[in-house]
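The entries below follow the order in which I looked things up.

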Amino acid sequence: MSRTTPPRPLDVEALFPELAAHRGTTTRLHPRPGRPGTVDSSVGGPLLWPADEPWPVCTEPHSHARGSRTRGLCPADIHQRRQILASAWAREPNPGPTDGERLLLERLGREHRLDAAAESGPLPLIGLAQLYRRDIPDLPAGPGDCDLLQVFWCPFDAHGPTGYGMLLDLRWRRSSEVADVMTAPPRPQVVGYEGYVPEPCVLHPEQVATYPFVGLLPEDLCARIDAWEEALEEVQEEALEERAGQSSDGGDATGVAYQYDLSIPPGWRVGGFASWHRAGCACSADGRAVERGAPARRAGHPVPVLPAGAPGASRGGQLAMS
């Protein structure tokens, strides 16, 4: 099934011709629940991981409450809870959980404690996504002709300078060299947050145009965009006053903002520019953002930026390889 990004409400390059020099591309992934295999690009699906290669683990300490490995949610309970809620809200003519389902949901939402042996050992990472270069136009070439990027993350917020950040582990490999695939990879017994547990999703990649966050543009262009947005806001306020009590078809573009509507497409994507909300970004010489938010172990090669969250974790959740 193809997925298509709606056109921008305005021709941003007609408004600001200088933006043409800053135009880039990004590939929106459009993840949707499905049954991907190891030979497919996916989010939350099975990975093409060699049976004789150790699974990635986290060995860093998780000391504070949100990142404590002594307790957390059980991944199996998270999956079951989502299934119950999805079925309940799709039920007709009376959508919503029954009393019995509410009791089960409450039980499934309880935290579990680990035994001492499980606490002291390395923590298996969760396989978040795998991306084949053949499927993702904006995925750069890996080192040594690697054609597959596999993304893992630790299921606890306990990393980085603050001790509350995310940890990513990114692995490149040559898919043709994998003979025997690991069929039952290790999984963490508990997780610190249900958003770290993805549901299996197939991808519908779509390459689209993208423009940098306004703060990464030249100062004079940034000032012009700001002035244009302020003028639009004034027009919108006047229009709202005139239309008070009247219906509107919403067909005008007075509510358009560069940041939200004209620059970086939403959702899960690979390549392009980092989103405005990626705190602590630095810029490389070509103006592309270099993330400093989540610590990541990378196999000696540039990788695209990933939006945060996982399909199925919550409505509106995102992945960024921005």
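Entry 1, overall. I count a residue as buried when its relative accessible area is under 20%, and as exposed when it is over 50%. By that rule 44% of the 322 residues of the chain are buried. The model is a predicted one. I looked up the secondary structure next and found 6 helices and 17 strands in the chain. The chain exposes about 17,000 Å², and carbon and sulfur atoms supply 51% of that area.

Entry 2, strand 1. I took strand 1, residues 24-28, and noted that 4 of its 5 residues are buried. Which strands does strand 1 run antiparallel to? Strand 12 (residues 206-210) is joined to strand 1 by 5 bridges, in antiparallel fashion. In that pairing I found Gly24 opposite Thr210. Strand 13 (residues 269-270) is also antiparallel to strand 1, with 2 bridges. There, Thr27 faces Val270.

I looked for disulfides, that is, pairs of cysteine sulfur atoms within 2.5 Å. The count is 0.

I turned to the second largest pocket, whose volume is about 420 Å³. Its lining has 23 residues, and those closest to the centre are Gly44, Gly45, Gly127, Pro185 and Arg187. Helix 2 (75-90) and strand 8 (126-132) each give at least two residues to this lining. I sorted the lining residues by type and got 15 nonpolar, 6 polar and 2 charged.

Most residues other than glycine have a negative phi, and most peptide bonds are trans, so I listed exceptions. The peptide bond between Glu92 and Pro93 is cis, with omega about 5 degrees. Pro93 sits in the loop between helix 2 and helix 3 (99-108).

His30, which is not a glycine, has a positive phi near 45 degrees. I placed His30 in the loop between strand 1 and strand 2 (32-33). Asp145 is another non-glycine residue with a positive phi, about 65 degrees. Asp145 belongs to the loop between strand 8 and strand 9 (148-153).

Asp145 is exposed, because its relative accessibility is 71%.

Methods. Residues numbered from 1 in each chain as written. Predicted model: local features only at pLDDT ≥ 70, side-chain atom pairs only at ≥ 80, totals over all residues. Heavy atoms only, no water. Buried < 20%, exposed > 50% of the residue type's maximum accessible area, 1.4 Å probe, protein only. Areas by Shrake-Rupley, 256 points an atom, 1.4 Å probe, with all protein chains shown as cover. Pairing = 2+ DSSP bridges. 1 Å grid on protein atoms, 1.4 Å probe; cavity = no way out; pocket = protein on both sides within 12 Å on 5 of 7 lines; lining within 4 Å. Points joined across faces, edges and corners; volume = space filled by probe spheres on them. Nonpolar A, V, L, I, M, F, W, Y, C, P; charged D, E, K, R; others polar.
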